[in-house]
Amino acid sequence: MEMKVLAITGGYSGIGLATTSLFIERGYKVAVMGRSEQGLDSLKEKYGDQVLIFQGDVTKLADIEMFYQFCIEKWGRLDVVVANAGIAEAQNVEAVTEASFDKSFNVNVKGVFFTVQKAIPFLKIGASIILISSIQAQKGAGVWSVYGATKAAVRSLGRSFAEQLSPQGIRVNVLSPGVTQTPIFDKFGFEEGVLSNILQQVTAATPLRRIGSPNEIANAILFLASDEASFVSGADFQVDGGLAQI
Ligand SMILES: NC(=O)c1ccc[n+]([C@@H]2O[C@H](COP(=O)([O-])OP(=O)(O)OC[C@H]3O[C@@H](n4cnc5c(N)ncnc54)[C@H](OP(=O)(O)O)[C@@H]3O)[C@@H](O)[C@H]2O)c1
């Protein structure tokens with residue numbers, strides 16, 4: 001099989017880690033960018049030469065450029081880009097500060113935009129780009145006002161990128177996970193007990209009566225990257241156990 005290369009941001013935690021692992025299992029080489037040295041090292045230890053690690057921040061354009069240059073120098077090609085890095089801070093509208101607002105938009109919107117823009121020179125016909133949004137893009141919740149807005153922006157970017165790149169044979173799709181068990185839960189900033197109550201409510205409201213696993217999201221990402229999805233572009237693939245679909 002011809003070697004293929006995935007570049008993914010945040011590919012050592014949660015959904016990103018499941019995606020890195022699945023693509024490596026399917027014969028891909030995977031280039032991973034993120035800020036945590038420990039997270040990157042653990043990947044290198046596990047996957048050796050199948051993975052390329054690069055310490056960088058998606059809010060810094062120079063880091064993204066160096067990441068792709070490093071990837072091209074090492075493997076000479078780029079086939080799939082997954083703009084996965086994201087943050088979620090649960091804050092009531094009154095609690096949002098200018099700094100927290102800017103931080104969320106910097107990582108979740110600016111980061112996604114330039115992760116794609118800087119990849120374009122290296123992408124050829126048949127390439128696939130997947131942007132990780134969230135079902136929160138189409139729902140309203142006081143504590144997710146900023147997060148939801150960033151993810152709605154990601155969905156919008158997916159449409160515009162698809163309009164520009166699809167005629168060149170580059171497919172662009174958005175993947176919107178529902179509630180998925182990952183380390184992001186520990187970063188929401190909820191007080192003790194609040195998260196478990198929310199998860200109980202979400203479970204009850206989800207037609208499949210459970211939350212998702214990172215592997216289930218990775219499977220959908222693999223589908224969008226594959227030739228099986230050859231006529232899919234500009235879509236928003238929602239993988240949420242039905243929560244936002246009914
Ligand atoms: N889990 C869910 O329920 C859920 C639902 C809908 C959508 N999503 C989305 O799915 C994506 C993955 O989330 P997850 O649940 O897997 O969370 P996670 O385990 O916290 O992973 C997020 C990843 O993003 C990276 N990241 C954050 N800020 C970054 C920055 N400035 N530069 C580079 N990398 C950065 C993190 O690495 P470092 O912090 O070490 O850099 C981490 O590897 C996110 O976009 C999230 O919004 C998740």
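Two strands are taken to pair if DSSP finds at least two bridges between them. In the predicted model described here, strand β1 (residues 5-9) and strand β2 (residues 29-34) run parallel and are joined by 5 bridges. Strands of a sheet pair through backbone hydrogen bonds, in either a parallel or an antiparallel manner.

The two strands belong to an open sheet of 7 strands, ordered β3-β2-β1-β4-β5-β6-β7, in which the pairing is parallel. The edges are formed by β3 (51-55) and β7; each has a single partner strand, so one side of each is left without a neighbour in the sheet. On average, and with direction ignored, neighbouring strands of the sheet are turned by 20° against each other. Strand β1 is largely enclosed by the rest of the structure, because 5 of its 5 residues are buried. The side chains of this strand are divided between two directions: Val-5, Ala-7 and Thr-9 point one way, whereas Leu-6 and Ile-8 point the other way, and all are buried.

Helix α2 (residues 37-47) lies across β2 and β3 and runs at about 165° to β3. Helix α4, in turn, lies across β1, β4 (78-83) and β5, with an angle of about 175° to β4. Helix α5 (residues 145-165) comprises 21 residues and spans 30 Å between its first and last C-alpha, close to the 30 Å expected at 1.5 Å a residue. Buried positions in α5 are Val-146, Tyr-147, Gly-148, Thr-150, Lys-151, Val-154, Gly-158, Phe-161 and Ala-162. An α-helix has 3.6 residues a turn, so residues three or four places apart point the same way. The buried residues of α5 pack against α4 and against the strands β5 (123-132), β6 (171-177) and β7 (236-239).

The ligand is surrounded by 30 residues, of which Gly-10, Gly-14, Arg-35, Gly-86 and Ile-184 are the closest. Two elements, α1 (14-25) and α4 (98-117), each give two or more residues to this shell. The largest share, 3 residues, comes from α1. By residue class, the shell around the ligand consists of 12 nonpolar, 15 polar and 3 charged residues.

Two loop residues were also examined. Ser-166 is located in the loop between α5 and β6. This residue counts as partly exposed because it has 13 C-beta neighbours inside 10 Å, a count between the limits of 12 or fewer for exposed and 20 or more for buried residues. Apart from neighbours within four places in sequence, Ser-166 is in contact with Arg-171, Val-172, Ser-233 and Gly-234. One of these contacts, Ser-233, is 67 residues from Ser-166 in sequence, yet the C-alpha to C-alpha separation is 7.1 Å.

Arg-209 is placed in the loop between α6 (194-205) and α7 (214-225). With 10 other C-beta atoms within 10 Å, Arg-209 is exposed. Most residues other than glycine have a negative phi. Arg-209, although not a glycine, has a positive phi of about 55°.

Key:
Residues numbered from 1 in each chain as written. Predicted model: local features only at pLDDT ≥ 70, side-chain atom pairs only at ≥ 80, totals over all residues. Near = placed C-beta within 6 Å. Helix = DSSP H or I, 4+ residues; strand = E, 2+ residues; numbered from the N terminus. Nonpolar A, V, L, I, M, F, W, Y, C, P; charged D, E, K, R; others polar. Expected span 1.5 Å × (residues − 1). Contact = placed C-beta atoms within 7 Å. Axes fitted to C-alpha atoms, helices over the stretch in contact; angles between N-to-C directions.
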